[in-house]
Amino acid sequence: MSPGLVAVKFEIFGKVQRVFFRKYTQQEAQRLGLHGWCENTPSGTVHGELEGPADKVREMKRWLEKTGSPKSRIEKAVFSEETAIQSYTHVSGFEVIRQ
């Protein structure tokens with residue numbers, strides 16, 4: 001059991017497909033030590049879930065809102081409420097799901 005772990009779901013709107021957004025998201029999440037996943041949606045967004053210490057999750061949320069991949073254009077980032085978790089449900093780190 002790890003103290004202060006939270007989970008949050010996200011969806012990012014804008015030019016976020018075919019600009020390596022998922023790859024950069026995975027790299028940033030790994031740099032921060034976060035667990036979770038992301039994938040493209042049929043509607044042209046990227047969505048996923050983050051798990052980790054609250055301060056690192058909040059740092060990642062800011063990155064998803066403001067930075068993204070170099071060629072992306074983020075119009076809007078939507079996040080669920082942060083939920084306290086007792087332990088990681090995504091035990092293998094942060095993954096990119098490809099369809």
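These are my notebook entries on one predicted protein model.

**Ground rules.** I number residues from 1 along each chain as its sequence is written. In this predicted model, local features need pLDDT of at least 70, side-chain atom pairs count only at pLDDT 80 or more, and totals for chains, interfaces and linings use all residues, while side-chain values use heavy atoms, with hydrogens and water left out.

**Layout.** I looked up the helices and strands, which are DSSP runs numbered from the N terminus (helices: H or I, at least four residues; strands: E, at least two). The protein chain has two helices and six strands. Their order along the sequence is β-α-β-β-α-β-β-β.

**Size.** I looked up the radius of gyration, taken over C-alpha atoms, and the globule rule of 2.2 Å times the number of residues to the power 0.38. For 99 residues a compact globule would have a value near 13 Å, and the protein chain agrees, with 13 Å. The C-alpha trace spans about 40 × 25 × 20 Å along its principal axes.

**Burial.** I call a residue buried under 20% relative accessible area, exposed over 50%, and partly exposed in between (1.4 Å probe, protein chains only). By that count, 43% of the 99 residues are buried.

**Core.** I then looked for a nonpolar core, a set of buried Ala, Val, Leu, Ile, Met, Phe, Trp, Tyr and Cys residues joined through side-chain atoms within 4.5 Å. The largest one holds 20 residues, and Phe10, Phe21, Leu34, Leu50, Met60 and Leu64 have the most contacts inside it. Two or more residues each come from β1 (5-15), α1 (21-32), β3 (46-53), α2 (54-66) and β6 (94-97). Helix α2 gives the most, five residues. In soluble globular proteins, nonpolar side chains tend to be buried together.

**Contacts.** Contact means heavy atoms within 4.5 Å. Of the contacts between residues at least 6 apart in sequence, 79% join residues at least 24 apart. Not counting residues up to four places away in sequence, Leu64 touches Phe10, Ile12, Phe21, Thr25, Leu50, Ile74, Ala77 and Phe79.

**Asn40.** Is Asn40 buried or exposed? Asn40 counts as buried because its relative accessibility is 15%. Asn40 sits in strand β2 (residues 35-40). Beyond four places in sequence, Asn40 touches Val16, Gln17, Arg22, Thr45, Val46 and Gln99.

**Lys71.** I found Lys71 in the loop between α2 and β4 (73-79). Lys71 is exposed, with a relative accessible area of 65%. Leaving aside neighbours within four places in sequence, Lys71 is in contact with Lys15 and Val19. Lys71 and Lys15 are 56 residues apart in sequence but 8.2 Å apart in space, C-alpha to C-alpha.
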